[in-house]
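Subject: Structure for you to look at

Hello,

Here is the structure I said I would pass on. My notes follow it.

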Amino acid sequence: FKQHISVSGGIGVATGLTATVGLGFTPVQGMLVGYLTTLGCMLPDLDSSSGRPIRELFGVTAALVPMAFADELRKLGGDMETVLLLAVVSYLTIRFGGTWLLSKLSVHRGMFHSVPAMLIAAEVVFLTYRSDSNTVRLLMAVGIALGFLSHLILDEIYAVQWNGLKLELNQFAGSAVKFFGKSFSANAFTWITLTGLTWYSFGAAGIVDEPPLPTRDEIRQILHTVPEVETPEPGLFPGL
């Protein structure tokens with residue numbers, strides 16, 4: 001974990017400086033892409049049995065998502081109480097629900113360690129990063145992909161071992177930089193997800209017609225159809 005963070009951190013610094021000094025992005029954007037590059041190295045190890053990458057990543061993500069989408073939550077919820085409830089639900093869902101779901105669905109060195117997973121991570125960042133500039137969104141997507149790729153390459157490097165003068169490969173050789181895993185269902189899910197996100201990414205970039213999504217009014221209407229819990233009448237439950 002420390003080696004991955006150290007390497008991706010160095011790549012993140014280089015990426016941020018290149019973006020700021022060489023490509024004309026703002027210093028803030030340079031620092032953000034450097035952070036995302038460092039963060040990206042943790043993504044392949046979300047299937048790790050140690051749990052540390054999961055705790056680190058989901059803890060940060062659960063806290064940042066409600067803040068990043070605060071304006072959208074306000075528009076969806078309307079009143080302050082609903083906005084706060086949506087923020088709390090978002091945090092708990094990501095922090096604990098995401099961790100539990102990954103532990104049930106993932107296996108170590110499965111499709112999380114793959115090139116399609118790297119592209120999925122990059123496209124998720126491209127679609128969710130809040131900016132009117134596709135160039136800025138692409139920069140952030142490239143940053144997360146670079147961090148992800150550094151992890152995959154390091155895993156393959158450490159799979160090569162020297163036994164005296166003899167070169168040997170350990171049991172994990174070839175399991176990181178791959179396009180398909182051993183599980184058909186995992187392969188199908190990964191590639192279907194990648195195909196869908198690629199379609200939405202091209203639509204968001206204006207390359208193809210953007211797929212239809214539910215409008216804000218439709219989502220708000222669904223939220224307001226949830227039945228409210230009635231307050232019990234006084235004396236109905238003695239002692240309360």
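Helix H6

Of the 14 residues of H6, ten are buried, so this helix is largely enclosed by the rest of the structure. Buried means under 20% relative accessible area, exposed over 50%, and partly exposed in between, with a 1.4 Å probe and protein chains only. Helices are DSSP runs of H or I with at least four residues, numbered from the N terminus.

This is a predicted model: local features need pLDDT of at least 70, side-chain atom pairs count only at pLDDT 80 or more, and totals for chains, interfaces and linings use all residues. Residues are numbered from 1 along each chain as its sequence is written, and side-chain values use heavy atoms, with hydrogens and water left out.

H6 covers residues 115-128. Among its buried residues are Met118, Ile120, Glu123 and Phe126. The buried residues of H6 pack against H2, helix H7 (134-158) and H8. At the start of H6, a side-chain oxygen of Ser114 comes within 3.2 Å of the backbone nitrogen of Ala117.

In H2 (residues 27-40), the buried residues include Gly30, Val33, Leu36 and Leu39.

Ala205 sits in the loop between helix H8 (184-204) and helix H9 (216-224). Ala205 is partly exposed, with a relative accessible area of 29%. Leaving aside neighbours within four places in sequence, Ala205 is in contact (heavy atoms within 4.5 Å) with Phe126 and Asn134.

Regards

How values were computed:
Helices (H or I, at least four residues) and strands (E, at least two) are DSSP runs, numbered from the N terminus. The expected span of a helix is 1.5 Å times one less than its number of residues. A polar contact is a pair of N or O atoms within 3.5 Å; within protein, one must be able to donate a hydrogen and the other to accept it, and residues adjacent in sequence count only if both atoms are side-chain atoms.
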